[in-house]
Amino acid sequence: MPEHEFAVWAPLPERVRLDVDGSLHPMTRTENGWWRAVVDAAPDARYGFVLDDDPTVLPDPRSPRQPDGVHERSQLWHPSSRGGAADTWQGRSIEGAVIYELHIGTFTPDGTFDSAIDRLDHLVELGVDFVEVMPVNAFSGTHGWGYDGVLWYAVHEPYGGPDGLIRFVDACHARGLGVLIDAVFNHLGPSGNYLPKYGPYLSSGSNPWGESINIGDAGADEVRRYILDCALRWMREFRADGLRLDAVHALVDTTAIHILEELSTETDALAAEMGHPLSLVAESDMNDPRLITPREHGGLGLTAQWDDDIHHAIHSAVSGEQQGYYGDFGTLETLATTLKRGYFHAGTYSSFRGRRHGRPLDTSKIPATRLVAYTLTHDQVGNRAIGDRPSQNLTAGQQAIKAALALASPYTAMLFMGEEWGAGTPFLFFSSHPEPELAKATAEGRKREFASHGWDADDIPDPQDPLTFERSKLKWDEVGAGDHARLNAFYRSLIALRSEPDVADPWLDHLRIDFDEDARWIVMHRGAVTVACNLGTEPVDVPVVGDVVLAWGAPTPGTDGTTRIDGHSVAVLRQVR
């Protein structure tokens, strides 16, 4: 058997031993709390570490594979040689692209990387540029959203493990699709988190999901390296084209060089090494343009960020919902303001937060393509009490309006799986914690949360019930049926429209918006292309004219420089120059 060097950062224990296939070996403490040992090991050896006098064999914090789950021994793994698309893929930036967010476990009936490959041609035909997969890091249980990861370097085995992910990425690249991986570095899950036994991975602070990660306190240097190396691994070893960084506002960093700036610097260096673009997309509720401002101009240098204000403005105006964080939204004036300046809250008062929020975006320097616009995400569906999609509450015309406002806007665009055909299935919050106490606490906590908002606790699905997971799986036979097929075709046409120069223009200063609050119409002008939406139920005469490029409904030209737009419908017009 070949020799293999094992290493683990464990500054807390006084003694660390290595277990390889049931055989114990001493380890030597070296620099900065690292322990090392060189022993003979098979290429697929199972291994773990024994700390002090506790006989429990713990998985490697940097485990490359967890074939038996997050509580068991790790396994050595090395990526196999790759050819084809892995060698020829030139990549692209996400700026101005169309991203498709999906959850591997519910995207197909089988819920694996390999079964997802069988549906990639649908995305190509739709016109998607990137696939963004919700977290695939190792987490406890067989199914879940993935945000409770505890071994960040390993790939969730029920999806197909690391080899399955490689096949998926290569299959995407072979079809011209980029891949973003959702990475969670702001907290660890409650089941299988053994990192605190090794070292100071956690800080004294907390966030809504648990204890915060130590990126600024004593011992933080190695924890930061742990995060950075993990992030780079997804892009170097698995050939992902970038990362979606979960809730970066929960990364509390008091150091002079923020960890996101450090990550963007190292990602740019890796992109130069690999010879193609790599993108970092932040989920952030701060409305802080410094995230997407280049480092040379004092920013953190991320490629783009999710923009919840755009979602809230579109959804609230179309649906009429104004509870919770929708409270400041709902009018067409708010929608127009948000579409025109990127953020609605830009140093303005937020009633949901009870304070001023955000910072203005300099639209003359930051292109709109650094903000990601969407009409729904896993959050805005799955974090509803019963996981209901807009398609379960809105007319097909209202869904078409939402799609047109997002996809015909200057922003980088994102869809959530099934949105393009108005999927009739919910996307629920589901989990499979093996510990009875944790399972019970998760289910009861979910019911308490929504009972406090007026829901009957009996109506809240049990996240631990396997049926909750099964109900969340897409039904692909819907795609070609009735309004589903019609909406899917409408999405395809909208996405194709984005390639036109006027619609591809990334500068918000070139965007013009008109609206009539009482008549409930709003018009978005993109050069010679005009997107006219009627959010009301009755036909309205909108003061725009042009050749109809695309429509939901039956727009008819008037005799007085207007076009009649049906209720709950949208028309894309091209002016003749």
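**Exercise 1.** At roughly what angle do the axes of helix 12 and helix 15 (residues 482-497) cross, and within what distance do they come? Classify the pair and describe the contact.

*Solution.* The model is a predicted one.

Step 1. The two axes cross at roughly 15 degrees and come within 10 Å.

Step 2. Angles under 35 degrees count as roughly parallel. Helix 12 is therefore roughly parallel to helix 15.

Step 3. The crossing of helix 12 past helix 15 is right-handed.

Step 4. Helix 12 contributes Ala-396, Gln-399, Ala-400, Ala-403, Ala-404 and Leu-407 to the contact. Helix 15 contributes Asp-483, Leu-487, Phe-490, Tyr-491, Leu-494 and Ile-495.

Step 5. Sorted by class, the contact of helix 12 with helix 15 has ten nonpolar residues, one polar and one charged.

**Exercise 2.** Determine how helix 9 (residues 308-319) is oriented against helix 12 (residues 396-407), and list the residues that meet.

*Solution.* Step 1. The packing angle of helix 9 and helix 12 is about 155 degrees, and their axes are 10 Å apart.

Step 2. Angles over 145 degrees count as roughly antiparallel. Helix 9 is therefore roughly antiparallel to helix 12.

Step 3. Helix 9 and helix 12 cross in a right-handed sense.

Step 4. From helix 9, Ile-314, His-315 and Val-318 take part. They meet Gln-398, Ile-401, Lys-402, Leu-405 and Ala-406 of helix 12.

Step 5. The residues of this contact between helix 9 and helix 12 comprise five nonpolar, two polar and one charged.

**Exercise 3.** Describe the packing of helix 7 (residues 220-236) and helix 8 (residues 259-274). How many of the residues in their contact are charged?

*Solution.* Step 1. The axes of helix 7 and helix 8 come within 10 Å, crossing at roughly 35 degrees.

Step 2. Helix 7 passes helix 8 with right-handed crossing geometry.

Step 3. On helix 7 the contact residues are Arg-224, Arg-225, Ile-227, Leu-228, Ala-231, Leu-232, Met-235 and Arg-236. On helix 8 they are Ile-259, Glu-262, Leu-263, Glu-266, Thr-267, Leu-270, Glu-273 and Met-274.

Step 4. The contact of helix 7 with helix 8 holds six charged residues, alongside nine nonpolar and one polar.

**Exercise 4.** Which residues does the UniProt domain annotation cover, and what is the helix and strand content of that span?

*Solution.* Step 1. The unreviewed UniProt entry carries the annotation "domain: Glycosyl hydrolase family 13 catalytic" for residues 101-498.

Step 2. Residues 101-498 are 36% helix and 15% strand.

Step 3. The C-alpha atoms at the ends of this span lie 19 Å apart.

Note on methods:
Residues are numbered from 1 along each chain as its sequence is written. This is a predicted model: local features need pLDDT of at least 70, side-chain atom pairs count only at pLDDT 80 or more; totals for chains, interfaces and linings use all residues. Side-chain values use heavy atoms; hydrogens and water are left out. UniProt positions are given in the numbering used here, feature names are shortened, and annotations may be inferred rather than shown by experiment. Helices (H or I, at least four residues) and strands (E, at least two) are DSSP runs, numbered from the N terminus. Axes are lines fitted to C-alpha atoms, for helices over the stretch in contact, and angles run from 0 to 180 degrees between N-to-C directions. Angles under 35 degrees count as roughly parallel, over 145 as roughly antiparallel, 65 to 115 as roughly perpendicular and the rest as oblique. A crossing is left-handed if the near helix is turned anticlockwise from the far one by less than a right angle, and right-handed if clockwise. Contact means heavy atoms within 4.5 Å. Ala, Val, Leu, Ile, Met, Phe, Trp, Tyr, Cys and Pro count as nonpolar, Asp, Glu, Lys and Arg as charged, and the others, Gly among them, as polar.
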